[in-house]
Amino acid sequence: MKKSIVSRTIKTALASLLAIIVSQELSLEFAAAAGIIAILNVFDTRKATIEGGLKRTLSAVIALLIGGFLFEKLGYKNWVFGLYLLLFVPVSFLLKIELGLGPSSVIVTHLLAFGRIDSAIILNEMALVFIGTGFAMLTNFYAPTSQDRLNKLIDNIDEDMTFILNLFGQSLITHLDVKLYKDKISKLDEDIDKAIEIAIIENDNLIENSRDILDNLRLRNREMDLLEEMYHDLKTIPPEYSDGKYISDILIETSENLTDGEEMAKVKNRIDFLKNHFNMMKLPETHEDFAIRSAIFQVFRSLDKFVDISNYINNKLNKKKGKR
């Protein structure tokens, strides 16, 4: 059984039990309803639990207002409860609080059972809502973190990007087949997707720094797209191409300084210099040379964007370190 399932099971059982016990100790009517409300309010993450709890609390208030008004005006009869549903269901969807349809309607059935409405009954029902929601939020303050796993994935992502860029550079001066790197690129893509998935959960659990980590991973995902673009363009440039050494050097230099902000700024300047160098070369004379030149400019375009993103990430990390 997954750790997350065990954790949610324990939190749900504990929240429900405590809600019922406290409601009974306060001599509230329908104390078990607080336990049901607690069960419905325990979600996978802190953020979802807080949002769900607030929506269900608002839902209960609106349900009591509509139900109480109708019962007082038309009588405490079953068909009035049906009329309440006809009004409350569309209102819930309109206000996007449909999460509270079930528990709020249960609260309204209590009014039907009492056969009357007064301040004591309203306090009883709202106390059930607050106790159930409160214990759901309280137990969900414990959220297991996956920071160690996430940090390891991020390190692997940076290492794999370095490895791939280096091999891209080597492929232009040796007879390495760039197609051999497809598996490595696929693994990198999977690791980024996995890291983003974990970072989203961490962010929804309101874990410190998780928002910045998620933003950076989404930027790494964009870099992944650029690596794939370079992969397809580099396949068309033969190793024997005379000016391949220039492109090879800049790719290898990028790989060696991926997380070094100062050096990456220098790499950016070198890319601009090389683009100008190739722009000043005489025009290709054959269709094959033209295709190679076009692929080179595409590689420079992708690499330029790649370096811009890396510089942005590095600058963010450096500013963060400076604040400590």
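Trainee: In which helix is the place of Glu253?

Mentor: Keep in mind that this is a predicted model. Residues 244-256 form one helix, and Glu253 is among them. That helix is H10.

Trainee: Is Glu253 buried or exposed?

Mentor: Buried means under 20% relative accessible area. Glu253 has a relative accessible area of 18%, so Glu253 is buried.

Trainee: Which residues does Glu253 touch, not counting those up to four places away in sequence?

Mentor: Contact means heavy atoms within 4.5 Å. With residues up to four places away in sequence left out, Glu253 touches Val267 and Arg270.

Trainee: Which element gives the most to the largest nonpolar core?

Mentor: The largest nonpolar core has 44 residues, and Leu251 is one of those with the most contacts inside it. Elements that give two or more residues to this core include H10, helix H11 (261-280) and helix H12 (287-323). With 10 residues, the one that gives the most is H12.

Trainee: How many residues has the other core, apart from that one?

Mentor: Leu28, Ala33, Ile37 and Ile131 are among its members. This other core lies apart and is of 32 residues.

Trainee: Arg56 is buried yet has no salt bridge. With which side chain does the side chain of Arg56 make a polar contact?

Mentor: Arg56 lies in helix H3. The nearest side chain of opposite charge, Glu98, is 10 Å away. A salt bridge needs the charged atoms within 4 Å. The polar contact of the Arg56 side chain, at 2.9 Å, is with the side chain of Asn41.

Terms used: Residues are numbered from 1 along each chain as its sequence is written. This is a predicted model: local features need pLDDT of at least 70, side-chain atom pairs count only at pLDDT 80 or more; totals for chains, interfaces and linings use all residues. Side-chain values use heavy atoms; hydrogens and water are left out. Helices (H or I, at least four residues) and strands (E, at least two) are DSSP runs, numbered from the N terminus. Buried means under 20% relative accessible area, exposed over 50%, partly exposed in between (1.4 Å probe, protein chains only). A nonpolar core is a set of buried Ala, Val, Leu, Ile, Met, Phe, Trp, Tyr and Cys residues joined through side-chain atoms within 4.5 Å. Lys and Arg count as positive and Asp and Glu as negative; His and the chain ends are not counted. A polar contact is a pair of N or O atoms within 3.5 Å; within protein, one must be able to donate a hydrogen and the other to accept it, and residues adjacent in sequence count only if both atoms are side-chain atoms.
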